[in-house]
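These are my notebook entries on a single model. I went through it element by element and wrote down what I looked up.

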Amino acid sequence: MRFLGNIEAKTDAKGRVFMPAVFRKQLQAAGEEALVMRKDIHQACLVLYPESVWNQRVDALRARVNEWDDEAQMVMRQYMKEAEVLTLDGNGRFLISRRYLQMAEIEQNVRFIGMTDTIEIWASEKAERPFLSQEEFSAKLKAIMKPKSED
């Protein structure tokens, strides 16, 4: 799955929101019935993981966490406790709990952003502003894409 797009939506009074049809179709085509939502570890946004992608990420983290290391266990515990399983209702909606709305500073208007194998949900006001200036974006992209032989 490769999610691509920048789609506006609104939550209702209960915190429900429609999954954009383009993403819903991709999930259905891949046979993904459940999603996992958690707050992003870096930004004030929410991340939706198709269940198979979530399981891959958890397996990768678990493989690196020494169960006898208290600090590593605390990281694993926090990562897992901030996750929630979601399913879409018959209308293609899902509920964003008050706790998650507050974490992402979402009031009503949201923006879904496809991020390869995950989908981010941002408060529209935050997603409307550029994440980086054009100059910063260009410089950082150039640095990331620089061939390894040039290091």
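Through how many residues does a hairpin join S3 to S4? I counted six residues in this hairpin between S3 and S4. I note at the outset that the model is predicted.

**Entry 1: strand S3**

I looked up the pairing of S3 on each side. S3 and S4 pair in the antiparallel sense over five bridges, with leucine 35 standing opposite proline 50 in S4. S3 and S5 also pair in the antiparallel sense, over five bridges, and there valine 36 stands opposite valine 85.

I then checked burial along the strand. Six of the six residues of S3 are buried, so S3 is largely enclosed by the rest of the structure. In a regular strand the side chains alternate between the two faces of the sheet. I therefore sorted the residues of S3 by face: Ala34, Val36 and Arg38 are buried on one side, and Leu35, Met37 and Lys39 are buried on the other, so both faces are covered.

**Entry 2: helix H2**

H2 comprises residues 51-64, 14 residues in total. I found 20 Å from its first C-alpha to its last, close to the 20 Å expected at 1.5 Å a residue.

Which residues of H2 are buried? I recorded Val53, Trp54 and Val58. They cover an arc of only 130° around the axis, which puts them on the same side of H2. Gln56, Asp59 and Ala63 are exposed on the other side of H2.

**Entry 3: nonpolar cores**

The largest nonpolar core has 22 residues, and Met19, Leu48, Phe94, Ile96, Phe112 and Ile121 touch the most other members. Two or more residues each come from H1, S3, S4, H4, S7 and S8. The largest share, three residues, comes from S8. I found a second, separate core of ten residues, which includes Val47, Trp54, Val58 and Tyr79.

I looked up the contacts of isoleucine 96, leaving aside residues up to four places away in sequence: isoleucine 96 touches Thr11, Lys14, Gly15, Val17, Met37, Leu46, Leu101 and Ile121.

**Entry 4: leucine 27**

Leucine 27 lies in helix H1. Is leucine 27 buried or exposed? Its relative accessibility is 3%, and leucine 27 therefore counts as buried. Beyond residues up to four places away in sequence, leucine 27 touches Met1, Phe3, Met19, Glu32, Leu35 and Pro50.

**Entry 5: salt bridges**

I found six salt bridges in the structure, and I examined some of them individually.

Glutamate 8 forms a salt bridge with arginine 111, the closest N and O atoms being 3.5 Å apart. Glutamate 8 lies in S1 and arginine 111 in S7, so this pair ties together parts that are 103 residues apart in sequence. Glutamate 8 is exposed, at 57% relative accessible area, whereas arginine 111 is buried, at 9%.

Arginine 57 and aspartate 117 meet in a salt bridge at 2.9 Å, N to O. Arginine 57 lies in H2 and aspartate 117 in the loop between S7 and S8, so this pair ties together parts that are 60 residues apart in sequence. I noted arginine 57 as partly exposed, at 34% relative accessible area, and aspartate 117 as buried, at 19%.

Aspartate 89 and arginine 93 also meet in a salt bridge, at 2.9 Å from N to O. Aspartate 89 is partly exposed at 30% relative accessibility, whereas arginine 93 is buried at 18%.

How values were computed:
Residues are numbered from 1 along each chain as its sequence is written. This is a predicted model: local features need pLDDT of at least 70, side-chain atom pairs count only at pLDDT 80 or more; totals for chains, interfaces and linings use all residues. Side-chain values use heavy atoms; hydrogens and water are left out. Helices (H or I, at least four residues) and strands (E, at least two) are DSSP runs, numbered from the N terminus. The expected span of a helix is 1.5 Å times one less than its number of residues. Buried means under 20% relative accessible area, exposed over 50%, partly exposed in between (1.4 Å probe, protein chains only). The arc is that of the directions from the helix axis to the C-beta atoms. Two strands pair if DSSP finds at least two bridges between them. A nonpolar core is a set of buried Ala, Val, Leu, Ile, Met, Phe, Trp, Tyr and Cys residues joined through side-chain atoms within 4.5 Å. Contact means heavy atoms within 4.5 Å. A salt bridge is a side-chain nitrogen of Lys or Arg within 4 Å of a carboxyl oxygen of Asp or Glu.
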